[in-house]
Structure formats: C-alpha cells, structure tokens
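Here are my notes for your first look at this model. Keep the structure open and check each point as you read.

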Amino acid sequence: MNRASVRPQAWLFLFLLALYLLSYNAIFHSSDGLSMFAVTDSLVRRGALDTSQLEWMGLQQGSYGPDELLYSRKGPGTSLLALPLAWLGWWVPGWGVATTVLLFNSFVTAATAVLLASGTGSLGYPRRVSLGVGLVFGAATLAWPYSKTFFSDPLAGLGLALAWWACLRYRLAP
C-alpha cells in the first residue's frame, strides 16, 4: 500500500463511519447481541465472564457452569474486542457501556470496506474502482444494517477480508 492510496482510503473510512453514526441507534436487535454484550459488561463492571444478569432469559442464550453461574454460548471474540469501547463508555460520564459498545460494528464495517478497497487496488484496478468497491460494500449491502448490531458477523467479515488482503499482499510481493 503506497502513501497515495492511504488518504482516499482514510476518507472512505471516515465517510462510512459518519454514515453509520448518522443512522446509529442504541438498540440490541436480538438476544444474541445481548448475550455477547453481557460478557463485555461483566468483564468491565466485575472482571467476570459470567452473564448472570441474563438469568431472566433462562437458558435461551447461556448454560450454567459448575459454579452455578450463567455463561454465554456465543464465541468470545466480539465481546473481548469490544472491551476498549466498553471501558470508554464506563469512564466517560453520560455515555454508558451499552451505548458505546453498540458502536463497535460501525468501526469494524468501515475497516472492512477499506480492506476491500485496498485489496481491489492491489489487483491493479484504478483508485476510483477500488474506492467504489469499498463504498458499495459499506453503503449498498447488508453491511450497513449489520453495522448497527452487536452481532459477530461483521467481525467475521473483517477477518475474511483481512485474510483475503493478506493473501493478495503475499502473492503480489516481489
């Protein structure tokens, strides 16, 4: 990636992030997202991994451990990577942990669009085309609605995009 391509990609990231923030709503869209958030919230507030605050849901999103506490059945990746936002929401007055954590996938989705644009540029397509690929992904697919959730799918998409980008960089290296 050369310096000339970094600036437009930074603008792409900022544009998509602004778009996602304009359409942001602090709502959990499913019990899956709530379960992953409960892990993050427990770690920030108590330094624990249990999700006992969701016992009212029964066993819908968790299982009881040997210590008789409820634990999420969801993978820990999204919950752990959202910790910096959760701590920020915990310490900044008026922000709130949930409100701040729900921003996580906005950043993830914008970063995925930048990786797709960068990879397309690495294949030799003009800057306009590569930025268009990132823009179409970020604003004209399900990526936009998913940027408002606390699902693990956007993070999985970022992982796939990162793997594709890394393979391209390896293949095209001199």
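1. A term to begin with: helices here are DSSP runs of H or I with at least four residues, and they are numbered from the N terminus. Serine 42 sits in one of them, helix H2, which covers residues 31-46.

2. Remember that you are looking at a predicted model. The mean pLDDT of the chain is 94. Of its residues, 97% reach 70 or more. Among the elements, strand E1 (residues 62-64) has the lowest mean pLDDT, 89. Helix H8 (residues 143-146) has the highest, 98.

3. Stay with serine 42. Is serine 42 buried or exposed? Its relative accessible area is 1%, and buried means under 20%, so serine 42 is buried. Leave out residues up to four places away in sequence, and serine 42 touches Gly47, Ala48, Asp50, Thr51 and Gln53.

4. Now see how H2 meets another helix. Two packed helices are described by the angle between their axes and the distance between the axes. The axes of H2 and helix H4 (residues 83-91) come within 10 Å and cross at roughly 55°. That angle makes H2 oblique to H4. The crossing is right-handed. On the H2 side, the contact is made by Thr40, Leu43, Val44 and Arg45. On the H4 side, Leu83, Ala86, Trp87 and Trp90 take part.

5. Proline 8 lies in helix H1 (residues 3-22). Its relative accessibility is 16%, so proline 8 counts as buried. Set aside neighbours within four places in sequence, and proline 8 is in contact with Arg127 and Leu131. Compare the position of arginine 46. Proline 8 and arginine 46 are 38 residues apart in sequence. In space they are 42 Å apart, C-alpha to C-alpha.

6. Check the length of helix H6 (residues 104-122). At 1.5 Å a residue, its 19 residues should span 27 Å. The end C-alpha atoms are 27 Å apart, so the two values agree. H6 is also mostly covered, with 16 of its 19 residues buried. Just after H6, glycine 124 takes a positive phi of about 100°.

7. Which residue other than glycine has a positive phi near 65°? That is glutamate 68. Glutamate 68 is in the loop between E1 and strand E2 (70-72). Its relative accessible area is 66%, and exposed means over 50%, so glutamate 68 is exposed.

Key:
Residues are numbered from 1 along each chain as its sequence is written. This is a predicted model: local features need pLDDT of at least 70, side-chain atom pairs count only at pLDDT 80 or more; totals for chains, interfaces and linings use all residues. Side-chain values use heavy atoms; hydrogens and water are left out. Helices (H or I, at least four residues) and strands (E, at least two) are DSSP runs, numbered from the N terminus. Buried means under 20% relative accessible area, exposed over 50%, partly exposed in between (1.4 Å probe, protein chains only). Contact means heavy atoms within 4.5 Å. The expected span of a helix is 1.5 Å times one less than its number of residues. pLDDT is the predictor's confidence in each residue, from 0 to 100. Axes are lines fitted to C-alpha atoms, for helices over the stretch in contact, and angles run from 0 to 180 degrees between N-to-C directions. Angles under 35 degrees count as roughly parallel, over 145 as roughly antiparallel, 65 to 115 as roughly perpendicular and the rest as oblique. A crossing is left-handed if the near helix is turned anticlockwise from the far one by less than a right angle, and right-handed if clockwise.
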